[in-house]
Number of protein chains: 4
Amino acid sequence: MSKPIRTDIAWSTPSTITVKGFDLCKDILGTLSLGDIAFLELTDRLPTTRESVVFNAIAVTLVEHGLTPSAIAARMTYTGAPEAMQAAVAGLCGLGSVFVGSMETAARMLQEAIPDPSKKGDLDQLAHDIVERFHGRKQAVPGIGHHMHKPVDPRAPRLFQIAAENGFDGPYIKLMKQVAREAEAVYGKSLPINATGAIAAIASELKLPWRIVRGIGVMARAIGLVGHIREEMREPMAREIKTRAEEEATAHLRGKA
Amino acid sequence: MSKPIRTDIAWSTPSTITVKGFDLCKDILGTLSLGDIAFLELTDRLPTTRESVVFNAIAVTLVEHGLTPSAIAARMTYTGAPEAMQAAVAGLCGLGSVFVGSMETAARMLQEAIPDPSKKGDLDQLAHDIVERFHGRKQAVPGIGHHMHKPVDPRAPRLFQIAAENGFDGPYIKLMKQVAREAEAVYGKSLPINATGAIAAIASELKLPWRIVRGIGVMARAIGLVGHIREEMREPMAREIKTRAEEEATAHLRGKA
Amino acid sequence: MSKPIRTDIAWSTPSTITVKGFDLCKDILGTLSLGDIAFLELTDRLPTTRESVVFNAIAVTLVEHGLTPSAIAARMTYTGAPEAMQAAVAGLCGLGSVFVGSMETAARMLQEAIPDPSKKGDLDQLAHDIVERFHGRKQAVPGIGHHMHKPVDPRAPRLFQIAAENGFDGPYIKLMKQVAREAEAVYGKSLPINATGAIAAIASELKLPWRIVRGIGVMARAIGLVGHIREEMREPMAREIKTRAEEEATAHLRGKA
Amino acid sequence: MSKPIRTDIAWSTPSTITVKGFDLCKDILGTLSLGDIAFLELTDRLPTTRESVVFNAIAVTLVEHGLTPSAIAARMTYTGAPEAMQAAVAGLCGLGSVFVGSMETAARMLQEAIPDPSKKGDLDQLAHDIVERFHGRKQAVPGIGHHMHKPVDPRAPRLFQIAAENGFDGPYIKLMKQVAREAEAVYGKSLPINATGAIAAIASELKLPWRIVRGIGVMARAIGLVGHIREEMREPMAREIKTRAEEEATAHLRGKA
């Protein structure tokens, strides 16, 4: 009654390692970059040169956002378990719906509006419907607006420029831009496309299904968290942050004691 | 009494994002690949072209090892929490002392033997002392031997070739090779350098401190785990593995019930 | 501009530790059990004797479900990082929407139907509306049905019995039972209340908000996962499961190699 | 060639669930508390009444230590992924060598000194040898000294009192006390037994092997972390901590920008 299980990712013989059909030693090492193999993991094929430039750009954007909650979580874990750096990188558990997960929401919005990019439909109407739906539910439209980067999130135009220079300027990018214009009119405030929205649109142009888009952020941020752990090793801040938080947050209680 | 805290990794203004002193939009996006920014996170500087080739090669080697324990852990977690893919990537918690952590042990062995690569000492004597120390404690020497890849782990010569072609063939690589030769003589069996040993030696040539070397594996494997989650989405195996394990492992108990 | 932060959980002086207003050494140690302090963490007050019996029963139910995906994930992580047992317990990352999280969904369903248990409304109508809503969306109703425990999940009647014996038999439990009856009629099959549904109803009677109900499962399963790690230390299975999965899942690929 | 796998923890039939040989519904629910089932997980048997009091006391001690690094990590993760509370509890990844893991080190120290508690040897000599060994390596002796609880960690005498009242006052507790006395003489400062040391000694009296002792802390702290997540839901502090840390830590960089 048992069902067969199979994987098509990698396998080995004593003298060879194969990854997605490519010989690791002959075809991959020395030839493919880390970003290219990430693309291979996400699509089962090698990127073209232009796809590689665009994919690397969106992945690189997600590596480092400074002292984010996940970076602080990683540093806190490292402080308690310096012998298990990998467990600190599990600080990426916080890359959920609020921050990185918003890419997934935006990509889903675009891909559900345009299931087949070769039949793109009326983008103005699609944008109108999307904004109306979110506005009606009193929700924020994913992929637009930023608490700090105003009036423009500089990453969005730069990523769109890189995409366009490499031949990616299709319906998902156009729809994302139209959604932002429509939303600014309906919500009555500046709502520029943010990095998340640009990445969601470009990932959709690269034909990455929305369900895996968050994965670009997760893999990229793992790189960034290793960088934060490295800094924490040399110039620690976790204990100081903890001490201050504890002192302030319990002051009203210790005063009573 | 509070101590100042500081980070030098990234900061932002409304119109700019800076990572390690580089303007994200102007200097990094479209220019640096994912592997290059990983190098930047680990060293605070950009790699040269040759360093980039070598660093990408060692990182790429670590992305995908097939159905490892961490891949199975990631798939199990995904099965229970498909809404939180990032938590599944926390399967990298298993990249500890047994598998990926052995890179750290090997890099430490090399860097403690040669604290300053410009003063390399007598490599034969160093290799002799290292092997004697591990052999005396009845421990395996890190970085050599592989349960499957015999008589040669094909990744090691290929990585050394890439390193040499790019100018990296210094004392750490030489010492690693001498350690393997010495160990084969002392332990009386084939003990070729494995991928871990090659990476530890090359990372040492790249001046990466041993304490951070495991981080290359952690960041790389995060990429691979996203690939496994993607496959699990489309062709799941976690539940089947679980069902079979449960049935077999409790058969002796259910027989009694 | 900074906002104050505060916690009311615990604080210390050189000679005292206080948890939720109780002196740890004088009031808690030797007096409160692990289950009681868990209740205190969830409600800010001590349980009555009857509440303690009921709460311990639902928590105990969740400790151990055998070789679940999270147990296998924990064992896989332990295999790779035996020096970091705590990271293996992070196998609880898989306690998401599919398994333990279903308690949260069921509790939410009940508490949204009866926001104030002192004004319970028409339970038959509420049950009718709930089942109609899930059936209309072609979704399963949370808290009922079980793939193995048929026709009855024995934990549900036992938990309800313990609750009733201790004075807990209010509107949430009644509604859960009526939902099951209604669903059996509408879906046309046996749909007994499962452990999840019983726990959701009883937790609601204990006035635990639905947002925290999953937490009972998470804390309980952490205990169970330590038990699995202990067994893995003495009678390991993770490597064998991994080896078998890898061999079978890549057989079609190695045949080609 | 495959090896059999087995578990003796739990199994089910359609109408029964069995945990460690006990019928969940008949023998456990309504009878055993959460602490007792934790003892069962750790020892394969039910505690006596006295063992239950002592075990619950040490477990309860470990539930809540206020705003620890792991609590802050959990809150940070919750902020980013409120839909995946279980991933926030993975903040327990930080319960490593520095904090909770010190229990393991202390228990190991005691159990290696007294492998068989029925043949306890000369405790003065054992304590002398232990302190000399750590002092010679310029290491701290595990289980003694506390940065805040001076001159006495009030948990230690209370836990020893509870243990003694229940018949546990054997060689491990005596050795731990003698180690503290010896260490105070050798290191020339006040080094009272801390909670960690008391728990390590009492766990050893309960015959828990040192390798699993950390697990008591991990399971207990999972309970506490759920409490912190509950507070974070209602009175969040993670974002404020993050904002302040980011502002201060990057001030020197933004000044340059």
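This is a predicted model: local features need pLDDT of at least 70, side-chain atom pairs count only at pLDDT 80 or more; totals for chains, interfaces and linings use all residues.
Reader: Changing topic, how many aromatic pairs does the structure hold?

Author: Counted over all chains, there are 4 aromatic pairs in the structure. One of them joins F39(A) and F55(A) in an edge-to-face arrangement, with 5.6 Å from centre to centre and 80 degrees between the planes.

Reader: Which parts of chain A does that pair tie together?

Author: F39(A) sits in helix α2 (residues 34-43) of chain A and F55(A) in helix α3 (residues 49-61) of chain A, so the pair ties together parts that lie 16 residues apart in sequence.

Reader: What about cover, is F39(A) buried or exposed? And F55(A), buried or exposed?

Author: F39(A) counts as buried because its relative accessibility is 0%, and F55(A) is buried as well, with a relative accessible area of 1%.

Reader: What kind of aromatic pair do F39(B) and F55(B) form?

Author: F39(B) and F55(B) form an edge-to-face pair, where the ring centres are 5.6 Å apart and the planes stand at 80 degrees. This pair links distant parts of chain B, with F39(B) in helix α2 (residues 34-43) and F55(B) in helix α3 (residues 49-61), 16 residues apart. Both F39(B) and F55(B) are buried.

Reader: Back to chain A as a whole, how many helices and strands does it have?

Author: Chain A has 13 helices together with 3 strands, and its C-alpha trace spans about 70 × 65 × 50 Å along the principal axes. Of the 257 residues in chain A, 63% count as buried.

Reader: One more, over in chain D: where is I28(D)?

Author: I28(D) is placed in helix α1 of chain D, which runs over residues 24-28. I28(D) counts as buried because its relative accessibility is 0%.

Technical notes
Residues are numbered from 1 along each chain as its sequence is written. Chains are lettered from A and ligands numbered from 1 in the order in which they are written. Side-chain values use heavy atoms; hydrogens and water are left out. Rings of Phe, Tyr and Trp (its six-membered ring) pair if their centres lie within 6.5 Å; planes under 30 degrees apart count as stacked, over 60 as edge-to-face and the rest as tilted. Helices (H or I, at least four residues) and strands (E, at least two) are DSSP runs, numbered from the N terminus. Buried means under 20% relative accessible area, exposed over 50%, partly exposed in between (1.4 Å probe, protein chains only).
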